Amino acid sequence: MNQEITLTVSENVWLYAKTVASRNKRRIDEVLSDWLEEATNDAEIEKFSDVKIIALANLQLPESQQETLHELLEKNGEGELTALEKKYLDDLMEVYNDALLTKAKAMRVAVERGLIEPLSSE
């Protein structure tokens, strides 16, 4: 069940949320709600066991999805996507981005726990 609240945010947060909302053709309250939900999910990841954290840190899209994504990106670069393929590419990119974000969060927790070494900048 969702709850409605009134929230006061800094001008900086407001302007950033407004920019993100405009770019994604969404309402500002939806963007802010998503950010709060994401913060909650971050806290949940930190409660996972070491085994689950390592598994998420090694997360990859299935090979079939990686191949499809690659093919659709190539077609998109050539301007040859149908409307249905464009929708599928958008959906697949959302899955990819969510997986990448989850992987990054898990890697951060894994490094904090000493389960893996920090990535080198070399």
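Here is a short chat about a predicted model and its charged residues.

Colleague: What kind of model is this, and how are residues numbered?
Modeller: It's a predicted model, where local features need pLDDT of at least 70, side-chain atom pairs count only at pLDDT 80 or more, and totals for chains, interfaces and linings use all residues. Residues are numbered from 1 along each chain as its sequence is written, and side-chain values use heavy atoms, leaving out hydrogens and water.

Colleague: What's the mean pLDDT of the protein chain?
Modeller: It's 88, with 96% of residues at 70 or more; pLDDT is the predictor's confidence in each residue, from 0 to 100.

Colleague: Switching topic, how many salt bridges are there?
Modeller: The structure has 11. A salt bridge here is a side-chain nitrogen of Lys or Arg within 4 Å of a carboxyl oxygen of Asp or Glu.

Colleague: Which residue does Arg113 form a salt bridge with?
Modeller: Asp50, and their closest N and O atoms are 2.8 Å apart. Arg113 sits in the segment after α5 (83-112) and Asp50 in helix α3, so the pair ties together parts 63 residues apart in sequence. Helices are DSSP runs (H or I, at least four residues), numbered from the N terminus.

Colleague: Is Asp50 buried or exposed, or in between?
Modeller: Asp50 counts as partly exposed, because its relative accessibility is 37%. Buried means under 20% relative accessible area, exposed over 50%, and partly exposed in between (1.4 Å probe, protein chains only).

Colleague: What about Arg26, which partners does it have?
Modeller: Arg26 forms salt bridges with Glu30, at 3.8 Å between the closest N and O atoms, and with Asp34, at 2.7 Å.

Note on methods: Helix = DSSP H or I, 4+ residues; strand = E, 2+ residues; numbered from the N terminus.
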